[in-house]
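The sequence and the model come first, and the reading follows.

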Amino acid sequence: MTLDQLEPTHRGRVTALTAPAGLLQRLMQLGLLEGTEVECIRRAPAGDPIEFRLLGYALSLRRDEARFVQVEAVS
Amino acid sequence: MSVATAELGVDEERLPLIVTVGNPNTGKSTLFNLLTGLRQKVGNYPGVTVERHVGETTLGGRRVQLVDLPGTYSLSAHSPDEMVAVDVLLGRIGDLGRPDAIVVVVDASNLRRNLYIASQVLELGIPVVVALNMVDLAESRGIRIAAARLAEHLSCPVVPLVASRGKGIDALKSTLADTLKTNPVPFVSFSTTIRHAAAALARELAPAGEPLDPYEVERALIDEGGYAETRLQQRFGAAAKAALGGVRAELATGGSLAALDARARYAWINHAVDGVETRGAARTTTSDRIDRAVGHPVLGTLLFLLLMAAVFQSVFAWAAPLMDLIDGAAAATSDWIKATLPAGAIASLLADGVVAGVGSVVVFLPQILILFAFIIFLEDSGYMARAAFLMDRLMRWCGLSGQSFIPMLSSFACAVPGIMGTRVIADPRDRLATILAAPFMTCSARLPVYALLISAFVPARSYLGGLVNLQGLVLLGLYLLGIAGGVLTAFLLKRSLLRGPTPPFLMELPPYRLPNLKSVLYRMWERARMFLVRAGTIIFTVAIVVWALAYFPHWDATTQRFAAERAQAAQTLSGEELDAASADIDHREAATHLEESLLGHIGRAVAPVFRPLGWDWKISAAVLASFPAREVVIAVLGTIYAVGADVDAESPGLVARIRASEWPDGTKVFSLAVALGLMVFYAFCLQCAATVATISRETNSWRWPAFAWLYMSLLGYLTAFVVYRLAS
């Protein structure tokens with residue numbers, strides 16, 4: 001599953017990143033790297049971008065960026 | 001000899017330099033203000049438009065210099081803007097020199113992400129103090145941090161703080177004083193392999209004698225595709241790029257060096273934080289509860305629209321009493337001058353040039369203050385990021401991102417800071433499209449023009465029991481028109497001249513905070529001062545020049561001709577007939593003087609160009625005079641009508657004078673059609689020398705500002721023509 005498929009209030013753990021170089025570094029520096037737990041908070045009215053919570057802060061990502069983050073469901 | 005001594009003297013006197021670094025939304029600026037007081041110097045770094053905040057303070061009896069760097073999540077630079085942080089830390093900004101100590105401001109409630117930049121700063125070989133800010137907020141969320149143990153892990157002092165309430169400042173100051181004395185360099189290093197490779201590559205790339213900091217090469221190695229790499233390539237050519245690629249492949253076989261580096265840092269951070277941070281059960285904060293309403297698809301969108309509508313309604317309604325007050329005071333001063341001084345050039349200059357000209361611009365200060373109060377409040381409360389979250393999809397439709405939203409919104413106050421704010425947009429195409437769209441946003445200088453024309457020609461009808469009025473609706477319509485112009489411009493540019501791949505959009509949504517009243521007021525005052533200084537210099541100058549153009553040559557022959565006519569009327573007429581006749585003579589005398597004036601000649605020369613828009617030569621002259629700064633049109637109209645209209649009438653105010661203005665055949669010049677056309681012209685036309693100059697500096701060319709000016713001016717002319725034809 002990729003991060004953009006995570007439903008609001010659901011949690012996932014990052015397993016891999018498939019982003020191209022520049023985006024990959026930005027995502028990882030913001031804490032989106034293997035092992036980080038991410039919760040989907042809400043989607044914007046148009047379904048995009050999506051607000052996530054990780055490491056105790058809220059981050060907005062577009063669908064096209066969240067797609068590069070592989071996650072496994074966490075109950 | 002003397003020069004050498006002087007240089008030596010400067011060197012000896014150089015104050016120790018302390019730099020504050022940290023993520024956005026960590027209270028870094030608050031801390032900087034606390035350390036330096038409000039007497040800081042704000043300027044720009046050379047070549048870029050990043051604001052440079054420099055201040056001074058005393059630490060342990062020693063004067064030190066402080067520099068506040070812009071908030072950033074890491075030292076990996078993707079734009080010239082972000083590279084400023086690296087350049088300051090490496091001492092590459094000429095007059096600052098290398099820092100003697102670095103304060104990393106860290107949000108205690110969000111320790112892990114905040115320590116990322118700390119991990120980078122700790123490697124620089126410069127003494128570091130970590131300011132652990134907002135410990136109160138962290139504790140309210142059940143987060144406790146053992147500062148002493150964290151200090152052991154980081155190998156640098158950690159000082160807990162609540163900067164917003166001034167708690168812990170003394171401890172931070174004495175720690176900094178000790179640090180400057182003992183100079184303890186932290187011993188943190190993540191990859192000696194990368195470091196050695198960077199040093200070797202620096203020696204290989206730079207010809208003997210040419211300085212190249214190995215850290216710059218290290219950044220270029222790690223930040224693949226970043227600005228450090230671009231800069232090396234600009235300096236040393238394509239060979240640099242190939243060399244970097246080769247070393248990267250060697251160091252990170254099959255993987256990404258950036259990813260290896262980030263993983264190593266977070267592993268170190270997790271190890272450090274696991275032992276020092278205790279978290280209670282996660283609680284729902286007030287901020288979360290606000291977000292549930294604000295983030296709701298229907299409720300949140302409604303709230304956004306309501307907020308924007310409330311801003312525009314209040315700008316009009318609340319400011320009115322204050323504006324009346326200023327208007328009255330200006331008129332009274334004008335009358336007093338005319339009553340006190342003998343009639344002539346000096347009295348006319350003071351009353352009609354100085355007081356009328358500047359007074360009619362200052363009158364709009366209340367509106368500008370109210371608008372800025374809203375913008376600053378939205379920014380400081382954290383709502384601005386939510387607005388960007390909400391608007392991103394819409395902005396993307398015109399090819400931009402939510403990142404463009406903030407510069408665009410700032411442009412509602414003034415396009416100059418808005419255009420300068422586009423430096424945060426990493427993608428050059430997005431940035432250029434935003435720069436060219438920003439001047440369409442209704443800036444505070446357009447507001448007086450709209451306010452004048454609306455109050456003169458749009459009836460003050462109220463609907464829904466006074467909640468909504470027609471004048472407010474027209475103003476909202478003009479704001480929407482500006483947005484539409486900007487959006488369409490960006491849309492067309494991103495599909496033609498500026499086509500390219502979509503850049504990423506990652507944005508933190510900071511917790512909601514109650515803005516600090518003192519800082520809101522301080523920034524409002526800054527804006528008001530900027531407006532007044534502008535009103536006091538450019539506008540004042542233009543007002544005087546235009547007064548002179550409208551007053552001179554003031555032929556004596558004309559004055560004598562009307563004096564003779566007046567004498568004749570006094571002999572033949574009496575009573576009310578005489579009064580009417582002298583009023584008529586006064587009126588014709590003023591009109592003749594104006595027609596014979598320099599402005600009259602210029603206005604008539606260009607009037608044919610504007611005739612299709614329904615403008616007479618007075619409007620044409622006023623519009624021409626306002627090309628350097630559009631708000632000047634008010635002062636010019638004020639001067640033209642004060643000089644040309646019935647001066648002795650009981651000071652009917654500019655609105656009444658404009659309404660009464662007539663063509664030679666007796667029909668009114670200003671119809672609703674002309675007023676609407678004029679408003680649309682001002683909505684689109686680029687009448688601002690400061691904006692043109694800023695576009696030129698930001699795009700480093702004359703091509704783009706020339707394009708923007710021609711495009712916007714033609715668009716203004718054509719739409720004004722269409723609106724005038726449709727409405728009349």
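Is Phe440(B) buried or exposed? Phe440(B) is buried, because its relative accessible area is 1% and the cut-off for buried is under 20%. The model behind this value is predicted.

**Aromatic pairs**

Over all chains, 12 aromatic pairs are counted. A pair of rings is described by the distance of the centres and the angle of the planes.

| Pair | Centre to centre | Angle between planes | Kind |
|---|---|---|---|
| Phe440(B) and Tyr711(B) | 6.1 Å | 70° | edge-to-face |
| Trp615(B) and Phe681(B) | 5.1 Å | 90° | edge-to-face |

Phe440(B) lies in the loop between helix 21 (428–437) and helix 22 (446–457) of chain B. Tyr711(B) belongs to helix 33 (residues 703–727) of chain B. Tyr711(B) is partly exposed, at 26% relative accessibility.

The other pair also links distant parts of the chain, 66 residues apart. Trp615(B) sits in the loop between helix 27 (598–610) and helix 28 (617–625) of chain B. Phe681(B) is in helix 31 (residues 672–684) of chain B. Trp615(B) is buried at 1% relative accessibility, and Phe681(B) is buried at 2%.

Phe440(B) also takes part in a cluster. One aromatic cluster is formed by Phe440(B), Phe684(B), Trp704(B), Phe707(B) and Tyr711(B).

Charges meet rings as well. Arg386(B) places its charged end over the ring of Tyr512(B), 4.2 Å from the centre. Arg604(B) lies over the face of Trp617(B), with 5.7 Å to the ring centre.

**Around Met441(B)**

Met441(B) is found in the loop between helix 21 and helix 22 of chain B. Its relative accessible area is 4%, so Met441(B) is buried. Which residues does Met441(B) contact, leaving aside its neighbours within four places in sequence? Among them are Met408(B), Phe412(B), Arg446(B) and Ile483(B). Leu69(B) is 372 residues from Met441(B) along the chain, and their C-alpha atoms are separated by 29 Å.

**Strand 4 of chain A**

Strand 4 (residues 57–61) of chain A has five of its five residues buried, so the strand is largely enclosed by the rest of the structure. In a regular strand the side chains alternate between the two faces of the sheet. Here both faces are covered. Tyr57(A), Leu59(A) and Leu61(A) are buried on one side, and Ala58(A) and Ser60(A) on the other.

Strand 3 (residues 50–54) of chain A runs antiparallel to strand 4 of chain A, joined by five bridges. Phe52(A) stands opposite Leu59(A).

Ser60(A) stands opposite Met507(B).

**Where the chains meet**

How many residues does each chain bring to the contact? Chain B gives 45 residues and chain A gives 33 residues. Together the chains bury about 3100 Å², with 58% of it on carbon and sulfur atoms. In chain B, the most area is lost to chain A by Tyr266(B), Phe389(B) and Leu506(B), together 21% of what that side buries.

Four salt bridges are found across the interface of chain B and chain A. Arg53(A) forms a salt bridge with Asp288(B), with the closest N and O atoms 3.6 Å apart.

Technical notes:
Residues numbered from 1 in each chain as written. Chains lettered and ligands numbered in written order. Predicted model: local features only at pLDDT ≥ 70, side-chain atom pairs only at ≥ 80, totals over all residues. Heavy atoms only, no water. Phe/Tyr/Trp six-rings, centres within 6.5 Å; stacked < 30°, edge-to-face > 60°. Helix = DSSP H or I, 4+ residues; strand = E, 2+ residues; numbered from the N terminus. Buried < 20%, exposed > 50% of the residue type's maximum accessible area, 1.4 Å probe, protein only. Lys NZ or Arg CZ within 6 Å of the ring centre and 35° of its normal. Contact = heavy atoms within 4.5 Å. Pairing = 2+ DSSP bridges. Buried area = accessible area lost by both parts, 1.4 Å probe. Salt bridge = Lys/Arg side-chain N within 4 Å of Asp/Glu carboxyl O.
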